[in-house]
Each structure stands twice: as structure tokens, then as C-alpha cells.
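Hello,

Have a look at it first, and then read on.

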Amino acid sequence: MFIRSKTQPFGRQLSTPLVRTLLIALYTLYPLGCILQLMPMTSGGGVMASLAGLVLVVAAIGIFAVLAGSSLQRQTQEPENLLDERERTERNRASFQAHSVFSGIVLIGVLYMMLTTDMAANDKLHLWQPTEGAHWNAIFGGLILLSFTLPGAILAFGKTPPQMD
């Protein structure tokens with residue numbers, strides 16, 4: 001997802017280290033926030049954990065909004081005819097790698113769900129299983145954020161930093 005602004009039609013230029021930091025924060029804050037929000041509210045601490053989780057999820061969505069307007073995200077989402085040859089090559093490579101990583105994550109998730117539904121395996125392993133709509137919403141929200149940002153993350157982490165002479 002790329003959000004084009006009128007003032008910066010080619011996206012906001014963010015430094016590679018900043019983009020990397022934002023991506024790490026996004027991939028850390030969202031799951032942490034969801035876990036805190038989905039914890040049972042057995043006492044006053046549960047309410048505080050839920051509020052802290054909400055703050056983390058909102059922060060992750062804010063980071064996503066910043067990344068969605070970046071020039072790196074433009075490169076991953078722009079139509080092919082608006083990119084130069086180097087940008088197309090980098091984007092295609094990153095998209096292929098992102099597809100492979102995302103497919104692997106989904107496969108691991110499906111295998112995990114198979115284990116949680118197998119009574120014999122789950123009796124021995126005691127695996128957590130999503131049982132409520134909020135659980136599924138958190139999982140699908142995370143997958144949506146990952147699918148939109150993974151090609152850009154691969155581009156950001158694949159770039160070599162400029163050499164200092």
C-alpha cells in the first residue's frame with residue numbers, strides 16, 4: 001500500500017536506517033500489543049495491560065501510515081511503467097522473496113492450526129488456539145500489515161549502506 005501525497009508524489013525520502021528501525025518497531029509493537037490486549041482481564045492489571053496493548057497497536061498503525069507514504073513503499077507499489085529499470089528489478093526481486101517468506105509463514109500457521117486441532121498432539125503440547133473473533137482479527141490484522149510491508153522490508157534490509165571513505 002502506497003499513499004501518494006500532493007506535496008510529495010514520489011513519497012517521503014526516509015533514510016534506510018530509519019526505515020529499518022520503523023519496520024522492526026512495527027513487527028514488534030503490533031504482536032506485543034495484540035498479546036497484551038488479548039490477555040484475560042482477571043484484575044486491575046488486566047485493564048492496564050489491555051490499555052498498554054491498545055497504545056502499542058495504535059503506535060504500530062501510525063508507523064504503518066508513515067511507511068505507507070515513503071518512497072520505498074512507492075517503489076514496491078508503483079505501476080511498472082512509472083519505475084526505472086533498476087527500481088523494477090529490485091522491486092521484482094523483493095516481491096518474489098516476500099511471496100516466498102509470506103507463503104512460508106502461512107504454511108507454518110496452517111501446520112500449527114493442524115496441531116492444535118489434533119487432540120492427541122494438543123493434549124501433550126498444550127498449544128494455544130484462537131477461539132474468539134478478537135483472536136482471529138489480531139492474526140489477520142498482522143498478516144495484512146505483513147503482506148503490505150514485507151516487500152519494502154526486504155528492499156530496506158537488502159540495501160547496503162553507503163560506504164564512508
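Helix 4 and helix 6 cross with a right-handed geometry in this model, which is a predicted one. Their axes, for residues 85-117 and residues 133-158, come within 7 Å and cross at roughly 155°. Angles over 145° count as roughly antiparallel, so that is how helix 4 runs relative to helix 6.

Which residues meet there? On the helix 4 side they include Ala94, Ala98, Val101, Phe102 and Ile105, and on the helix 6 side Leu143, Leu146, Leu150, Ile154 and Leu155 are among them. The residues of this contact divide into 13 nonpolar, 3 polar and 2 charged; Glu90 and Arg91 of helix 4 also take part.

Next, the core. The largest nonpolar core has 23 residues, and those with the most contacts inside it are Val19, Leu23, Leu26, Tyr30 and Leu67. Helix 1 (16-38), helix 2 (44-68), helix 4 and helix 6 are the elements that give it two or more residues. Helix 6 gives the most, with 8 residues.

His126 is not a glycine, yet its phi is positive, at about 55°. Is this residue buried or exposed? His126 has 65% relative accessibility, so it counts as exposed.

Best wishes

Technical notes. Residues are numbered from 1 along each chain as its sequence is written. This is a predicted model: local features need pLDDT of at least 70, side-chain atom pairs count only at pLDDT 80 or more; totals for chains, interfaces and linings use all residues. Side-chain values use heavy atoms; hydrogens and water are left out. Axes are lines fitted to C-alpha atoms, for helices over the stretch in contact, and angles run from 0 to 180 degrees between N-to-C directions. Helices (H or I, at least four residues) and strands (E, at least two) are DSSP runs, numbered from the N terminus. Angles under 35 degrees count as roughly parallel, over 145 as roughly antiparallel, 65 to 115 as roughly perpendicular and the rest as oblique. A crossing is left-handed if the near helix is turned anticlockwise from the far one by less than a right angle, and right-handed if clockwise. Contact means heavy atoms within 4.5 Å. Ala, Val, Leu, Ile, Met, Phe, Trp, Tyr, Cys and Pro count as nonpolar, Asp, Glu, Lys and Arg as charged, and the others, Gly among them, as polar. A nonpolar core is a set of buried Ala, Val, Leu, Ile, Met, Phe, Trp, Tyr and Cys residues joined through side-chain atoms within 4.5 Å. Buried means under 20% relative accessible area, exposed over 50%, partly exposed in between (1.4 Å probe, protein chains only).
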